[in-house]
2 protein chains.
Amino acid sequence: MHALTKVIPPALAAALALTGATALAAERELPVKPTAGDVVKASLPAEWRTLDPEHTLYMELPAGRVVIELAPDFAPRHAANIRALVRERYFDGLVVLRSHDNYVAQWGDPDEKNPKPFKTAKARLDAEFTVPMANDRHFTPLPDRDGYAPQVGHSNGFPAGRDPKTRRTWLAHCYGMVGVGRDVALDSGNGGSLYAVTGHAPRHLDRNITVVGRVVSGMPLLSTLPRGTGPLGFYEKPEMHVPIKSVRLAADVPEAERSRLEVMRTDSASFKAVAEAQRNRGGPWNKVAAGYVELCNVTIPVREQKPDGAAL
Amino acid sequence: MHALTKVIPPALAAALALTGATALAAERELPVKPTAGDVVKASLPAEWRTLDPEHTLYMELPAGRVVIELAPDFAPRHAANIRALVRERYFDGLVVLRSHDNYVAQWGDPDEKNPKPFKTAKARLDAEFTVPMANDRHFTPLPDRDGYAPQVGHSNGFPAGRDPKTRRTWLAHCYGMVGVGRDVALDSGNGGSLYAVTGHAPRHLDRNITVVGRVVSGMPLLSTLPRGTGPLGFYEKPEMHVPIKSVRLAADVPEAERSRLEVMRTDSASFKAVAEAQRNRGGPWNKVAAGYVELCNVTIPVREQKPDGAAL
C-alpha cells in the first residue's frame with residue numbers, strides 16, 4: 001500500500017470504473033490487490049489437478065511439444081475418434097497446413113488426392129456442436145455478461161457457454177482451444193484435421209463446429225508459425241508445411257518422458273480469485289478497474305510439477 | 001441458395017440463435033448471405049480512404065515493413081511526440097524487446113543504463129487515456145453491447161469505447177492496436193516505447209494507458225516473433241532482440257517507396273455491412289448465426305491500391 005496516496009475502497013473504485021468517471025478515477029489510486037500470479041502462489045495443492053493421461057495428447061513438432069487436453073465431456077465421439085487416430089499413428093508424418101494470422105493454425109493430411117487411410121477410426125461422426133448441460137461437470141458460472149452466450153463460465157478446465165433454457169452447453173473458442181475441421185456437411189468432421197485458435201477469440205464459431213480440447217502447454221509453437229500466404233492462411237508450397245513428428249497419448253509415453261503439468265481446478269476458490277484479479281485489477285500501475293472480465297480473458301493457470309510431485 | 005434445403009428467414013434464424021435453440025437450428029440451413037469479403041468486393045471507391053502520410057509510420061524490420069496509422073484525435077500529444085521522435089530518427093537501431101504470447105510485442109531502447117537521448121521530443125507527457133467525446137470524429141456505434149464500455153463503435157478507422165455520461169472516449173485494445181509503454185506515474189509515457197497487441201484483446205488496459213494508433217499492415221511481422229522467455233515475455237539475451245532498421249513518416253519517404261494502402265471508411269454503408277456479415281453469418285457452412293459481434297471481431301478492411309490509384 002502506498003502511504004502517500006489516497007486509497008479508495010474497492011467498491012467505490014469499481015463503481016467509478018463502471019460509471020466511467022475516468023477523469024476522476026485516474027487522479028486517485030486503486031487499492032493494491034493480489035494479482036493472478038499472487039493468487040497462484042498462495043493457492044493450495046488441492047486446488048490443482050493433473051491431466052488424465054488417456055485424454056492428453058503430445059504433438060511433437062520440430063520446435064518442441066504441444067500438450068493438448070481432450071474434453072470428452074463436451075465431445076465424447078470426437079475425443080474417442082481422435083484417440084483411435086492417435087493409436088493408429090495417423091498423425092505421424094502429417095503437417096501443419098495453415099497458419100492464419102489472428103485466427104487459427106490447422107493440421108492434418110496435405111494430400112487430398114491420396115489421403116492417408118483410417119484404420120479403426122470413423123470417417124464421419126455426428127456433430128457435437130453442443131451437448132446436454134448435464135455434461136458440463138463442475139461448471140462455475142462467471143457473473144460477467146457475454147454477448148455470444150446466455151451464460152458463460154468454466155467446466156473442469158474449459159471455457160464454456162451454456163443456455164439454461166435449452167439446457168445445452170458448448171466449449172467457447174478462446175485462445176488455445178482446439179476444434180475439429182469440417183466441410184459443409186454436419187457429419188464431415190472426424191478429428192483427422194484439427195485447429196487451435198491463435199488469435200482473438202472467434203466466438204462466432206461457437207455452436208458451429210465441434211470443439212474437442214485445449215492446448216495447455218506449447219501454444220507459442222503454434223502461434224509463432226509463419227503465416228500462410230494462400231487464401232485462409234494455407235501454406236502455398238509443400239516446403240512451408242511444418243512436419244508433425246508424432247502425436248501420442250500421454251498414457252502411451254513412458255512416465256519419464258511425460259510432461260508433468262498441473263492445471264488449476266476451475267471450481268476452486270483460487271480460480272475464482274484469479275478471475276476477480278483480472279476483473280478488478282489493483283494499483284498502483286492500474287488506474288481504472290474494468291469491473292468486468294470477458295470469458296476468454298480469464299487465464300486458466302497451468303504449472304509444472306517437480307519430479308517428486310511438488311509444484312516448482 | 002440451396003434448392004433442397006429448408007431456408008429460414010434471417011430474423012427467425014437470429015432468434016433461434018439468440019434463444020440458443022441449437023439442436024433445432026443445426027438441422028436447418030441458414031440463408032446464404034454476403035460474406036465480409038463479398039461486401040469488400042461490392043464496395044464503392046468513395047467508401048475507402050488513403051492514409052495521411054503525416055500520421056503514418058513505416059517501421060522497417062528485417063522481415064519487412066510494419067505500417068502504423070497514428071490516431072491524433074485520441075492522443076494528440078503522444079502522436080506529436082512520436083512524430084518528433086521519428087524525425088529525430090530516435091527509433092533507428094532500437095529493437096523489439098518483448099514478445100509476450102497472447103498479449104503484446106513491445107519495442108524501444110534496450111539500454112536502460114545509457115538510454116538514447118531525446119533531442120526535440122518530450123520525456124514526459126500528460127496521459128491521454130481518454131479524451132472528450134467531441135474528438136471521436138465520424139463515430140459509428142455498434143448496436144452490440146460490450147462488457148468493458150457503455151458504448152463501442154468505430155471512429156475514423158479505430159475501434160473505440162465511449163461513455164455518454166462522462167462524454168469521454170478512448171481507443172480499445174483490439175488486435176493490432178498500438179499503445180504507449182509507461183511506468184507507474186501517469187506522465188511517464190512518452191512514445192519512446194510502444195507495443196502492439198498480438199493476442200486476445202486485453203481490454204482491461206483500456207483507459208489505463210495511452211493508445212496511439214493501429215497497425216494497418218504487417219501484423220504477422222510482429223505476431224510471429226519468437227516469444228521471449230523472461231518475465232512478461234521480455235527477451236532474456238540481447239542477441240534475441242529484433243533490430244529496427246528505421247522508423248519513418250510516410251511523408252518523409254519518396255512516393256515510389258510508400259505503401260499504397262486504403263482503409264475502408266468506418267462510417268460507410270459497406271463497413272456497416274461488414275459488421276453485419278460477421279454478426280449474422282450466412283450458410284451453408286455456418287449453421288447458427290451468433291446474432292452478435294464483439295467490437296474486436298469486426299475487421300477493418302485494408303487493401304492495396306494499384307499504382308494508378310485503382311484498387312487491385
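**Sheet, symmetry and interface of chains A and B**

Thr56(A) has Glu69(A), in β3(A), as its bridge partner. This is a predicted model: local features need pLDDT of at least 70, side-chain atom pairs count only at pLDDT 80 or more, and totals for chains, interfaces and linings use all residues. Residues are numbered from 1 along each chain as its sequence is written, chains are lettered from A and ligands numbered from 1 in the order in which they are written, and side-chain values use heavy atoms, leaving out hydrogens and water.

Start with the sheet. Strand β2 (residues 56–61) of chain A pairs with strand β3 (residues 64–70) of chain A in the antiparallel sense, over six bridges. Strands are DSSP runs of E of at least two residues, helices are runs of H or I of at least four, and both are numbered from the N terminus. Two strands pair if DSSP finds at least two bridges between them. In chain A, nine strands form an open, antiparallel sheet in the order β14-β4-β5-β12-β11-β13-β3-β2-β15. At its edges stand β14 (242–243) and β15 (246–249) of chain A; each has a single partner strand, so one side of each is left without a neighbour in the sheet.

Now the salt bridges. Side chains of opposite charge can pair when their charged atoms come close. The rule asks for a side-chain nitrogen of Lys or Arg within 4 Å of a carboxyl oxygen of Asp or Glu. Over all chains the count is 36. One of them joins Glu294(A) and Arg203(A), at 3.8 Å from N to O. Glu294(A) lies in the loop between α6 (269–279) and β17 (302–304) of chain A, and Arg203(A) in the loop between β12 (194–197) and β13 (211–217) of chain A, so the pair ties together parts that are 91 residues apart in sequence.

Next, the two chains. Chain A can be laid on chain B with an RMSD of 0.0 Å by a turn of 180° and a shift of 0.0 Å along the axis. That is the relation of a two-fold axis. The superposition is by least squares on C-alpha atoms of residues with pLDDT of at least 70 in both copies.

Where do they meet? 51 residues of chain A are in contact (heavy atoms within 4.5 Å) with 50 residues of chain B. 98% of the interface residues of chain A are also interface residues in chain B, so the copies meet through the same surface. Between chain A and chain B there are zero salt bridges.
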